[in-house]
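Here are my notes on this model, point by point. Please keep the structure open while you read.

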Amino acid sequence: MVARSSEVRPSAVRHSASRGAGERRRRGAGRLAGLGLGGAAMLVLLTGCDVGRTFDGFGWPQGGITPQSHRMYDLWIASCIAALAVGVFVWGLIFWCVIRYRKRGNALPVQTRYNLPMEFLYTITPILIVSVLFYYTAVVQTGVDKTTKNPDVTVEVVAFKWNWQFNYRDGQGRDAKTVASVLGTSDVIPVLVLPTGKSIRFEETSRDVIHSFWVPELLFKRDVMPGNVRNVFEVSSLDEEGEYVGRCAELCGTYHAFMNFELRVVSPQQYDQFLAEKKAGKSTQDALRAIGEEPYAQTTKPFDTRRTKNNFNPSGASAGVGS
Ligand SMILES: [Cu+2]
């Protein structure tokens with residue numbers, strides 16, 4: 001504990017000497033704090049606004065394709081910078097104390113305690129830091145979880161062991177109707193085609209166990225629950241055309257690791273045409289060809305189960321009743 005030593009010194013001479021020392025110590029601490037803050041400011045200035053890119057996102061995935069993903073990314077970068085600034089300051093204080101108050105003799109150093117301003121400061125400062133982090137986390141989380149009344153596109157995501165079905169809906173909720181559908185099979189990876197610049201609502205449901213819908217470029221995943229739970233989330237737009245691999249992110253069984261799909265982001269015109277082709281009864285592959293897109297997934301491929309009738313159950317064992 002650090003305290004003003006003048007309060008516990010018995011003699012006047014020592015009192016005055018200690019005041020001088022206290023003054024020097026305070027100046028040293030001030031210089032150190034200034035150095036820490038200056039260092040943090042320099043860091044920001046030197047690297048411009050994009051500190052995240054310079055430090056590889058501080059471990060956070062980069063390249064999000066939705067406004068929501070950018071907000072989450074920015075929150076992470078800001079939190080890291082704040083944590084580093086506090087860290088540099090605290091490490092500075094630790095090293096300063098280690099050097100300044102190292103053992104110089106056998107005399108017990110002055111014992112100080114109950115320095116109220118100091119105790120108040122190091123109680124209130126962490127509370128302030130946590131409050132600020134909490135506030136911005138709550139703001140970003142509320143934004144990411146926000147749903148709207150009339151999204152431009154609604155897709156029902158149906159997960160099952162071990163594949164996906166994507167149903168394009170004419171409205172929201174359980175009672176809306178499916179107008180077109182994409183179904184994955186053992187041989188074909190399902191391709192979820194969506195347009196840029198439109199708000200998209202995902203309504204998730206599972207046929208069996210808990211799965212998790214995850215496209216890494218959305219920087220977001222959400223569990224797909226069986227039963228009556230309909231997990232819903234929205235992205236306000238997809239900003240970049242392209243193909244993005246999607247995965248199941250919840251250990252759901254033997255072939256969980258192979259439960260992949262592809263998100264194909266196309267222009268709104270291509271999307272409208274794709275939907276029209278599907279409504280007219282074309283297969284997903286033919287509809288993709290019709291809009292000038294690759295008919296099959298580009299980012300992942302169907303898995304090989306390596307099961308044949310010869311190796312499926314080589315020992316011939318069978319599960320008896322009650323086993
Ligand atoms: Cu799964």
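1. β8 gives the largest share of the lining of the largest cavity, 3 residues. This is a predicted model. Two elements, α3 (67–100) and β8 (231–235), each supply at least two lining residues.

2. How many cavities of 30 Å³ or more are there? The count comes to 1. The volume of the largest cavity is about 50 Å³. Rolling a probe the size of a water molecule over the atoms is what shows where empty space is left.

3. The lining of the largest cavity consists of Thr66, Gln68, Met72, Val144, Leu218, Phe220, Phe233, Glu234 and Val235. By class, that is 6 nonpolar, 2 polar and 1 charged residues.

4. For context, the protein has 6 helices and 10 strands. Of its 323 residues, 35% are buried. Among contacts with a separation of 6 or more, 64% join residues 24 or more positions apart.

5. Helix α5 passes a simple length check. It has 12 residues, 268–279, and at 1.5 Å a residue they should span 16 Å. The end C-alpha atoms are 16 Å apart, so the two values agree.

6. Which residues of α5 are buried? They are Gln270, Tyr271, Phe274, Leu275, Glu277 and Lys278. Their arc around the axis is only 160°, which means they sit on the same side of α5. An α-helix has 3.6 residues a turn, so residues three or four places apart point the same way.

7. What do the buried residues of α5 pack against? The partners include the strands β1 (153–160), β2 (163–169), β3 (178–183), β4 (191–195) and β10 (260–266). Helix α6 (284–290) is also one of them.

8. The face of α5 turned away from the buried side carries exposed residues: Gln269, Asp272 and Lys279. Just after α5 comes Gly281, with a positive phi of about 100°.

9. Asp223 lies in strand β7, residues 220–224.

10. Not counting residues up to four places away in sequence, Asp223 touches Glu204, Ile210, His211, Ser212, Asn231 and Glu250. Asp223 and Phe213 are 10 residues apart in sequence. In space, their C-alpha atoms are 6.2 Å apart.

Notes
Residues are numbered from 1 along each chain as its sequence is written. This is a predicted model: local features need pLDDT of at least 70, side-chain atom pairs count only at pLDDT 80 or more; totals for chains, interfaces and linings use all residues. Side-chain values use heavy atoms; hydrogens and water are left out. On a 1 Å grid over the protein atoms alone, a cavity is a set of points where a 1.4 Å probe fits but cannot get out, and a pocket is an open set with protein on both sides within 12 Å along at least five of seven lines; lining residues have an atom within 4 Å of a point. Grid points are joined across faces, edges and corners, and a volume is the space filled by probe spheres set on the points. Helices (H or I, at least four residues) and strands (E, at least two) are DSSP runs, numbered from the N terminus. Ala, Val, Leu, Ile, Met, Phe, Trp, Tyr, Cys and Pro count as nonpolar, Asp, Glu, Lys and Arg as charged, and the others, Gly among them, as polar. The expected span of a helix is 1.5 Å times one less than its number of residues. Buried means under 20% relative accessible area, exposed over 50%, partly exposed in between (1.4 Å probe, protein chains only). The arc is that of the directions from the helix axis to the C-beta atoms. Contact means heavy atoms within 4.5 Å.
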